[in-house]
Amino acid sequence: MIDFSSDGGLQQSPDQAGQDVEILKSGLHILNYAFSNEALYEGILSVLTKIVPFSDAAILMPTGDGGLETAVTHAGRLMLRVASPKGAFARAVAGEAIIAPDLRELDGWAEAAEGSTAAFASALIVPLESLDEPALIVCVHAEPAFTENHLRALRTFAPIAAQAVQWAKQREALERHRDHLEELVRDRTLELAEQKERLAQALEKELELNGLQRQFVSMVCHEFRTPLAIIDGVAQRVSRRHATLTPERLLGSVDKIRTGVVRLTDLIESMLDAARLEAGSLKFEPRPCCLGPMIDEVCVGIRELNPKHEIVTEVTGLPDDFPADIKLMRQVMSNLVGNAVKYSPEGTHVWVRGSVIGDGDVVIAVQDDGVGIPESDLGRLFDRFFRASTSTGIVGTGIGLHLVRSLVDLHGGEVGVTSKVGEGSTFTVSLPRRRSDQPGMEPDALIGNAA
């Protein structure tokens, strides 16, 4: 019931005041749906059925390109799309509440409804004001049943709905922000955990390396001191007794001095090669060479210094033009054969065998009857400064095998080992005739090249 004053104003009757109270009570139920926008829109339309009679209703929200379209409908029949608000929709967006007793006369309806005009007779269009973006509530009826009183009730309800939508949007924004912060915290926590793990591993590696370096320095000092002591002792004896020494004893003293010098030279050369390798300045100059005579020469030199070991070579079948750096391969063979002698009891044999396989690849094996290597040590045997547990009491620096693997790697080859404690070891070097990083390169083409 609507009362008009004498000056044309619209006054509220007691019945309308009671109606407003009921609308406010119904509006409070909307908050039960405010956990998401979609659920809230459906809740608004559900509560709206208690306030305004309609055949269908819809909430129109912005499309992002300046238009409006149906976000949710009550009965699923009212699908509106306004590409650019004009006419009645433009006025509604501007804040005007509109009642249309005859939809055929509503400017812009036919275009927005896309053929739905015939299904409905009248409409109410009310803006959801106080939102950051334009939004509309549209109610339609199959009969011209809407009155000004219905429009007024819908206008009373609209601010409540708009505030609920605003709360829902803020809640969703807060939840997105919370989820984003939680994701950032998770990512940062994971990053810190990974960083902590990397630092712990680096610290452990550094401590291990420091320990190995201290051990290396100690071994090197011992290695230098031993041959120097031999050289100095023999030289002092020769100096004191030179007048009484027989040629045979003098020659024996000279041999001892020479042995000490050779040991010092080998040690210094190994250390220098390892340093050059680490610095990346070690020259690699593969040329066609004769591996067999080089291996025989190395074994003869070691045999002279260790006459109580029997070194047997079987390398006559190796090619005369194998592409390799002869100087570096001499270092490889000196380390392997020297180790075989050093870790084998006097009177035992060392076998050095060479063969050609496949398309000209070379395999060289050095076998001894020495102390052997525990299986648990094999995985680290070629690490820098590492020495097997069975090497206790035997002089060494722990860089020889590391250098062997690095030099064999330069040739594109591989080095492996099989061993059993108390029964000896076999080291196998496999060298490809053509390196994988130089496909099709013939030996002559390798002359003078450095990798």
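Reader: What is the strand order in the open sheet of five strands?

Author: In this predicted model, the order is 10-12-13-15-14, and the pairing is mixed.

Reader: Which are the edge strands?

Author: They are strand 10, residues 310-314, and strand 14, residues 414-420; each of them pairs on one side only.

Reader: By how many degrees are neighbouring strands of this sheet turned against each other on average?

Author: The average is 15 degrees, with direction ignored.

Reader: How many bridges join strand 10 to strand 12, and do they run parallel or antiparallel?

Author: Five bridges join strand 10 to strand 12, which spans residues 349-357, and the two strands run parallel. Within this pair, Glu 310 stands opposite His 349 of strand 12.

Reader: Turning to Ser 344, where is its place?

Author: Ser 344 is in the loop between helix 8 and strand 12.

Reader: Is Ser 344 buried or exposed?

Author: Ser 344 counts as buried because its relative accessible area is 8%, and the cut-off for buried is under 20%.

Reader: What does the side chain of Ser 344 reach?

Author: It reaches the backbone oxygen of Ala 340, at 2.5 Å. Leaving aside neighbours within four places in sequence, Ser 344 is also in contact with His 309, Asp 368, Asp 369 and Gly 370.

Reader: Now the largest nonpolar core: which residues touch the most other members?

Author: Of its 40 residues, these are Leu 291, Ile 295, Met 333 and Val 352. Elements giving two or more residues to this core include helix 7, strand 11 (322-324), helix 10 (400-410) and strand 14.

Reader: Which element gives the most to this core?

Author: Helix 8 does, with eight residues.

Reader: What is Val 352 in contact with, leaving aside its neighbours within four places in sequence?

Author: Its contacts include Ile 295, Cys 299, Ile 311, Val 312, Met 333, Val 337 and Ile 364.

Technical notes
Residues numbered from 1 in each chain as written. Predicted model: local features only at pLDDT ≥ 70, side-chain atom pairs only at ≥ 80, totals over all residues. Heavy atoms only, no water. Pairing = 2+ DSSP bridges. Helix = DSSP H or I, 4+ residues; strand = E, 2+ residues; numbered from the N terminus. Axes fitted to C-alpha atoms, helices over the stretch in contact; angles between N-to-C directions. Buried < 20%, exposed > 50% of the residue type's maximum accessible area, 1.4 Å probe, protein only. Polar contact = N/O pair within 3.5 Å; in protein donor to acceptor, adjacent residues only side chain to side chain. Contact = heavy atoms within 4.5 Å. Core = buried A, V, L, I, M, F, W, Y, C linked by side-chain atoms within 4.5 Å.
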